[in-house]
Amino acid sequence: MAVLLEEIAQSVEIWLKLIKKPQPYVDPNLDPVLLVPGIAGSILKAVDDNGRGERVWVRIIGADYKFRTKLWSRFDPSTGQTVSLDPKTHIVVPEERYGLHAIDVLDPEMIIGRDCVYYFHDMIVEMMKWGFQEGKTLFGFGYDFRQSNRFQETLERFAAKLEAVYTASGGKKINIISHSMGGLLVKCFMSLHTDIFEKYVQNWIAIAAPFQGAPGYISSTFLNGMSFVEGWEQNFFISKWSMHQLLIECPSIYELMACPDFQWEHNPLLEIWREKHDKDGNSNIVLESYSPEESVPIFKEALSSNTVNYDGLDIPLPFNLEILQWACETRKILSCAKVPSQVKFYNIYGTNLETPHSVCYGSVEEPVTDLEQLKFVKAQYVCVDGDGTVPVESAMADGLTAEARIGVPGEHRGILAEPHVFRILKHWLKAGDPDPYYNPLNDYVILPTAFEMERHKEKGLQVTSLKEEWEIISRDSNDEDNIIINNGKPLVSSIAVSDQSSLTEARATITLHPQSEGKRHIELNAISVSATV
């Protein structure tokens, strides 16, 4: 009770400005970081001609209605812009908190189940513990994710943001951390504006980027839509159909299709069980398979009669071949991108989750008889390793010169809150006390604990003995390791090599002790004998 009273008293004193609120730790020596989200990762507001605005993405109350009336759009091929159907409003991204507000919690008013609308929230909180400060060393870049990743207005805003961050941090070069489709936006900018990128950026860290597309996920999106929220919250959110009608006119979605020129280990396919009739009228059930390029006519036919009713008018929304052409040009720009010589690039990708790669509709028992009915048929997936959205194969194939590529077990959006990712970022950003023994590739700290070497001559032979010991410290201890390694007993292994030409022989014994409290002890004892000249 006394502790609670003390907290109440302290809160009142802070409110009355009688005492100062404890200040967060700030490290003035850190280089600035700019966070760039992926698709659907920015708050969007619809602003009318009088300057009155309301949040339309993300919101829970009236979500579907506001989404349909304010965000539904049409693509303008003359400008490459997706334009809202509502002529009285335009979409803007809020800039509060130096751009961080738009990419932190996507519905700040949500209380119950709030973590389902977290985007960079956990990472922002973590980085502030390391000493980053909003507006000095930590910034965000939200954008209208309906648009192409090479949309001129977005790229101009990005160039202005880089300059602003560079200036606000006192002329320090920037570390960009992008997530998902944000990696394609950054890559487009780097390809088209290499000089600006090299002037302001020192490191770019891409997380879960679909460099070669997200084939299974996007194929089913064209036919069935997508959900950004799972579980009970989905009942209060945007319907898959409403989302589908928006995305069919978004260049960004077409730019996430499987890259047809990429040499996939297994080509992603669209498969359909169909009923065919021969000339005698006999029915046969066959499985038809289509490559990414061959899938386009299927999308076209399946969506040929797709429409939306907006303000009493039926508007056709077929598969948009003009957007597809635009997206193909974007792919060419992405394929030409190169990391400037003064910039370092790092790639973190998600692993260990079943990830859609190929999509199948229908079955032998219930074949598809009409392609226009595909949007009502539930998709079945052939999955590969990935983060649940982007296959490992796509995320790894950045086509760039990389300092490191590291796979981290994690879900596509959840990876932004993974402790392993935080440790890697802290190491690369040089935040906090440096740990020269940390290896981000396997998330171990390999700490040398002993080193002894002795040389002497004996009976005309040169004898060298070596003893070295290490502690391997794993951040995520696993009790099963003790079972795997020799049933909890030390594992001893020996090796011997010889070179007859130099009359040299060496033997070594390695002892690997079981893990205990996150630590594993390793001993190396070696001796070499060679003839003296």
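**Close-up views of a predicted model**

**View 1. A glycine follows helix α3.** Just after α3, Gly131 adopts a positive phi of about 115 degrees. As with everything shown here, this comes from a predicted model. The helix itself spans residues 121-129, and its buried residues are His121, Met123, Ile124 and Met127. Looking down the axis of α3, you will find these buried residues within an arc of 165 degrees, so they line one face of the helix.

**View 2. Several elements cover the buried residues of α3.** Among them are the strands β1 (33-36), β7 (138-140), β8 (174-179) and β9 (201-207), along with helix α13 (419-428). Helix α3 lies across β1, β7, β8 and β9, and runs at about 170 degrees to β1.

**View 3. Six strands form an open sheet.** Follow the order β7-β1-β8-β9-β14-β17, in which the pairing is parallel. At the edges stand β7 and β17 (404-409), each with a single partner strand, so one side of each has no neighbour in the sheet. On average, neighbouring strands of this sheet are turned by 20 degrees against each other, direction ignored. Helix α13 lies across β8, β9, β14 (344-351) and β17, running at about 155 degrees to β17.

**View 4. Strands β1 and β7 run parallel.** The two are joined by 3 bridges.

**View 5. Strands β2 and β3 make a hairpin.** Strand β2 (residues 44-48) pairs with β3 (residues 53-57) in the antiparallel sense over 4 bridges. Lys45 stands opposite Arg55 in β3. The hairpin has 4 residues between the strands, and Gly51 takes a positive phi near 85 degrees.

How values were computed
Residues are numbered from 1 along each chain as its sequence is written. This is a predicted model: local features need pLDDT of at least 70, side-chain atom pairs count only at pLDDT 80 or more; totals for chains, interfaces and linings use all residues. Side-chain values use heavy atoms; hydrogens and water are left out. Two strands pair if DSSP finds at least two bridges between them. Buried means under 20% relative accessible area, exposed over 50%, partly exposed in between (1.4 Å probe, protein chains only). The arc is that of the directions from the helix axis to the C-beta atoms. Contact means heavy atoms within 4.5 Å. Axes are lines fitted to C-alpha atoms, for helices over the stretch in contact, and angles run from 0 to 180 degrees between N-to-C directions.
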